[in-house]
Amino acid sequence: MTQIFEAELTVGPRAIDAYSRLSYTMWFALAEFVDNSTQSRLNYGNLIDEVLQEEGRPLTVSIVHDRPNKTLTIEDNSIGMSKDDLVAALRIAHPTPDSKGRSKYGMGMKTAACWIGAQWTVTTCELGSGEEWTATVDVDAIANHGAKVPLTMRTVSRDDHYTRVTIGSLRRVIQKRSEETIKDYLGSMYMFDLRPDVKGQVALKLTYNGEEVTPPQESDWDSDPSGTLMKRDLPTLTVDGKTIKGWIGVLRKGGRKYGGFSMFQNGRQIQGFPNAWKPSVIFGGVDDEGANNLIAQRLTGVLLLDGFGVSHTKDRVLFEGDEEEALEKFLVTETKAYADYAKSRRGSGRGPKWSKEQVRDLVKDMQTEFVSAEIKDALNNAALPPVETITANNLQQRESLTAEDEIGRLDILPDLQVVISLKETSLYEPHVTFVPGAEANVIHVIINGLHPYYQTLEAKDAISECVQQYIFDAVAEFKAGKLIARVNPDSVRNLKNNLLRARAEQLDNADTEVRAKAEAELFGRKPERAAG
């Protein structure tokens, strides 16, 4: 006889310590608190909106990183919580009646706070209650020593309403250079809340260390030869009862971080600028960033999703079954004309992407940089050491290279191998050194990682272009020396011109092949073979 028993699946207190290992980024962790604040306003819109209007201020979320004291504080002026609300909010994965929309899972505040720091407090006052409640969470004490969460109360004005989360014992160090990135992401994630409505009112004011977080600028759309704006709404797509709306467009002036589809759910960005969704069937490329082509730079859009699952950290849409395939097929069809248009630097009857006036303005903007006192001093005080000294220094740099310095080898021709190294040489050494290898037909490109110019490069695209230009210069000089036995600047530039043309052609061909293959796989067709 079969006996049937039951067991209860429970989650122990040590789970909260494991939250520190979640794959958050700082901006998505901070977004969990903004989600709670904005969703609270949505849940009690009529009530809190009237109060905020009387007070003459919008819903405000303030993020303060106190670097000296190593604390992070997130505070809002939403409706606040009562004692019962606070106790319920501290229960993990137990959604409350207010858990909906942006805060539907009942997890975000707890997981994000534990990821950021080992100790945190929630201080809150519900509108009209006159009571301020504070809960103090010590992650280690709860996870490993059976501690509880103490609650304290003090009397305040019945007009007060707020929630403040203060996180200490930070597990993550927020570098100063990362703070601009945090603001960029948050501005994009909440752009619908941050942009003024037709009355000039904003649904949210978000600040970071006192500076207002702003949404991305409105897109500058291109237009076709007839003057029609290259932007249009998408028809509504329904997949398994879930809906997708939105719009697409072609930017007049693009950039890799501006291309792709930004995906929103409940008015909050899940994935988008500056790291938008770029399916290879449309954008090419072999990774999530898409290829670095004109489509990936200029074709953009917003997808408004309803009903889809998202990752624990709310930074990725979790498509189920054939949902992603259905969406990609839909977008391939809807974007084909726009993608073809974006791919061409000049459409039918169109002039070049950059007019002479635009280039003139660009050069004018460079005036300050190129006539600066620093540039003048560098030229007026220029002194070249003897060629023998330069050659000896270059050879010394080559001999000092270690295996860890080498970052790659390119076998370009049977008689040409380029070895690229990145070495933190010195602030005062050249930005890059080209030196022949000990073996014949080998040239070393040694990049000085400590050079002030290299240190200014932060974006991936900027560093990529910098390294590529170094390699082009080295190859052009090497080949020119082989052909005419003496490096002549005009000859080097001529060879580099041919290399740059070849590079553009190679990128275009490779991208076309990737997109064609992806489209064929998506629609179940055999890819067409390239001619030749």
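**Close-up 1. K314 in the loop between β15 (309–310) and β16 (317–318).** In this predicted model, K314 has a positive phi of about 55°, although the residue is not a glycine. Most residues other than glycine have a negative phi. With a relative accessibility of 8%, K314 counts as buried, the cut-off being under 20%.

**Close-up 2. D240 in the loop between β10 (237–239) and β11 (242–250).** D240 is likewise a residue other than glycine with a positive phi, here near 50°. The relative accessible area of D240 is 64%, and this residue is therefore exposed, as the cut-off is over 50%.

**Close-up 3. Packing of helix α2 (residues 26–43) with helix α7 (residues 176–189).** The two axes lie 9 Å apart and form an angle of about 50°, so α2 and α7 are oblique to each other. Their crossing is right-handed. On the α2 side, the contact involves M26, W27, F28, L30 and A31; these meet T181, I182, Y185, L186 and M189 of α7. By class, the residues of this contact comprise nine nonpolar, one polar and no charged.

**Close-up 4. Helix α5 (residues 108–116) within the structure.** Nine of the nine residues of α5 are buried, so the helix is largely enclosed by the rest of the structure. The buried residues include K110 and T111 as well as M109, W115 and I116.

**Close-up 5. The bend in helix α11 (residues 323–343).** Helix α11 bends by about 60° at T335. T335 itself is buried, as are E334, Y338 and A339, among other residues of α11.

Notes: Residues numbered from 1 in each chain as written. Predicted model: local features only at pLDDT ≥ 70, side-chain atom pairs only at ≥ 80, totals over all residues. Heavy atoms only, no water. Bend = angle between axes of the 7 residues up to and from the residue. Helix = DSSP H or I, 4+ residues; strand = E, 2+ residues; numbered from the N terminus. Buried < 20%, exposed > 50% of the residue type's maximum accessible area, 1.4 Å probe, protein only. Axes fitted to C-alpha atoms, helices over the stretch in contact; angles between N-to-C directions. Parallel < 35°, antiparallel > 145°, perpendicular 65-115°, else oblique. Left-handed = near helix turned anticlockwise from the far one by under 90°. Contact = heavy atoms within 4.5 Å. Nonpolar A, V, L, I, M, F, W, Y, C, P; charged D, E, K, R; others polar.
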